[in-house]
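Subject: Structure handover

Hello,

Here is the structure you asked to look at. My notes follow below it.

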Amino acid sequence: MNILGDISCEEFLNEYWQKKPLLIRNAFPDFEPPVNPDDIAGLALEEDVESRILIEDPSNQSWQVQHGPFTEESFAELPKENWTLLVQAVDQWIPEFADLLEQFRFIPTWRKDDLMVSFAPKGGSVGPHYDLYDVFLVQGMGQRTWQVGPKCSESDATVDDVPVKILKSMQTDHEWVLNPGDMLYLPPSYAHHGVAVNDCMTFSVGFRAPSEADVLQGFTDHLASQLTNDQRYTDPTLKDASAAPALIDDDAIERFSQILQEKINQKDQLKIWLAQYMTEPKYEDLHEPLEEELEWLDIDNLFQEAQQLTQNETSRWAYFKDDNQVSLFINGQAQPFKQTPTTQTLAEHLANERHTATQEILSYLTDPDCQKLLLDLINGNHLYFED
């Protein structure tokens, strides 16, 4: 299924991705949401689920934000209109949403952040705002009016004394009413305002976009962890400084600059750090390995009985290739395995596919190194047998 409608993937990436908004009517034909509002409210009762409720008082343009977990009484006390329930990372709790994210494979999966579900009765909104990352807004139920404005920045005024960033004013360049199955793409920093026409659910697919400060700090911290205290600044070409001993001269600056350039320009280390950083789980406590480790004999027959292996919804996968080696990372950790052409091909396949039909990998099951790789991934609870 092409969720981009009449637009090819190449056209979307060339003409729209991080360039301009795009409305796609009927991106998901005959769309049937995998959840209903009661399901989303039920998730918001759970302690491990991140959730919020935003309540607007249109009479004085004031906002109230409540954080979960909620109780059934919390929902009973809500007004009839003008509020929104937001539940984060629903794809980690409901496999059907993880499957929905598979429709966005034209974006690297290591860029994926999570899928947030919002439910709102008539008038529900989170106010005019902008995000610093790309987002696809899929209408799941009911109707929502979206107004889209120009790009924003920190200089744009926001409402005072509100715990969320809401723009004081927003120019409207486009306005659309989205129906179930419609999808709106918004590049980073574009102002937008969605208001529920009636009881509606919207599914927001967001992507990770680390700030340059995060990249610089994260990578330099990673590099520093590789160094020892014995590695120090040196100046064997030092010149007589008695004329101006307090002066930091250009030669000193150049020597320090060489240290930084030499360390920063280590692409091998950058690959490792990036794979670790971009696969770090959003909620680390949600993922746990199997309580009791299995042996190969425990699972051998399951490859014949089960239809497919599935990536655990709480696992984030990525890999990079360097010379004749595949480095696999899951949830911020390198996944060691014996490097052979067969194990490398299997590792790539398992990382790239959320679902792997067991029939597709039967030829690997007689290879002891592949057995070890599969067993480690299953014991780590990164893969599980469907059905």
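Which residues do ring pairs link into a cluster? They are Phe12, Tyr16, Trp17, Phe104, Phe106, Phe136, Tyr185 and Phe207. Bear in mind throughout that this is a predicted model.

**Around the rings**

Tyr16 belongs to that cluster. The ring of Tyr16 also has a charge over it: the charged end of Lys20, 5.0 Å from the ring centre.

Across the whole structure, the search gives 23 aromatic pairs. One of them is Phe219 with Trp273: the ring centres are 6.0 Å apart and the planes meet at 50°, so this pair is tilted. The cut-offs behind that are simple: planes under 30 degrees apart count as stacked, and over 60 as edge-to-face. This pair links distant parts of the chain. Phe219 is in helix H5 (residues 212–225), and Trp273 is in helix H7 (residues 267–278). Phe219 has a relative accessible area of 6%, so it is buried. Trp273 is buried as well, with a relative accessible area of 6%.

Phe320 and Phe329 make another pair. Their ring centres are 5.8 Å apart and their planes are at 25°, so the pair is stacked. Phe320 is at 15% relative accessibility and counts as buried. Phe329 is at 4% and is also buried. The cut-off for both calls is under 20% relative accessible area.

Now the loop between strand S13 (317–322) and strand S14 (325–330). Asp323 is placed there. Asp323 is not a glycine, yet its phi is positive, at about 55°. Is Asp323 buried or exposed? Its relative accessibility is 76%, so Asp323 counts as exposed.

Asn381 also has a positive phi, near 65°, and is a residue other than glycine. Asn381 lies in the loop between H11 and strand S17 (383–386). At 18% relative accessibility, Asn381 counts as buried.

There is a cis peptide bond to look at too. It joins Gly68 and Pro69, with omega at about 5°. Pro69 is in the loop between strand S3 (62–67) and helix H3 (72–76).

**Two loop residues**

Where is Thr358 placed? It is in the loop between strand S16 (355–357) and helix H11 (368–379). Thr358 has a relative accessible area of 1%, so it is buried. Leave aside its neighbours within four places in sequence, and Thr358 is in contact with Phe303, Ala306, Gln307, Gln308 and Leu309. Lys19 is elsewhere: Thr358 and Lys19 are 339 residues apart in sequence and 40 Å apart in space, C-alpha to C-alpha.

Pro281 is in the loop between H7 and helix H8 (296–299). Its relative accessible area is 23%, so Pro281 is partly exposed. Which residues is Pro281 in contact with, leaving aside its neighbours within four places in sequence? They are Arg208, Arg316 and Asn331. Pro281 and Asn331 are 50 residues apart in sequence, and their C-alpha atoms are 5.3 Å apart in space.

**The chain as a whole**

The secondary structure comes to 11 helices and 17 strands. The C-alpha atoms fill a box of roughly 75 × 75 × 45 Å along the principal axes. The chain has 387 residues, of which 44% count as buried.

Take the contacts with a separation of 6 or more: residues 24 or more positions apart account for 81% of them.

How many positive and negative side chains does the chain have? There are 26 positive and 68 negative ones. The centres of the two sets lie 8 Å apart. The chain exposes about 21200 Å², and carbon and sulfur atoms supply 47% of that area.

Best wishes

How values were computed
Residues are numbered from 1 along each chain as its sequence is written. This is a predicted model: local features need pLDDT of at least 70, side-chain atom pairs count only at pLDDT 80 or more; totals for chains, interfaces and linings use all residues. Side-chain values use heavy atoms; hydrogens and water are left out. Rings of Phe, Tyr and Trp (its six-membered ring) pair if their centres lie within 6.5 Å; planes under 30 degrees apart count as stacked, over 60 as edge-to-face and the rest as tilted. Helices (H or I, at least four residues) and strands (E, at least two) are DSSP runs, numbered from the N terminus. Buried means under 20% relative accessible area, exposed over 50%, partly exposed in between (1.4 Å probe, protein chains only). A charge sits over a ring if NZ of Lys or CZ of Arg is within 6 Å of the ring centre and within 35 degrees of the ring normal. Contact means heavy atoms within 4.5 Å. Accessible areas come from the Shrake-Rupley method with a 1.4 Å probe; for residues, only the protein chains shown count as cover. Lys and Arg count as positive and Asp and Glu as negative; His and the chain ends are not counted. The place of a charge is taken as NZ of Lys, CZ of Arg, CG of Asp or CD of Glu.
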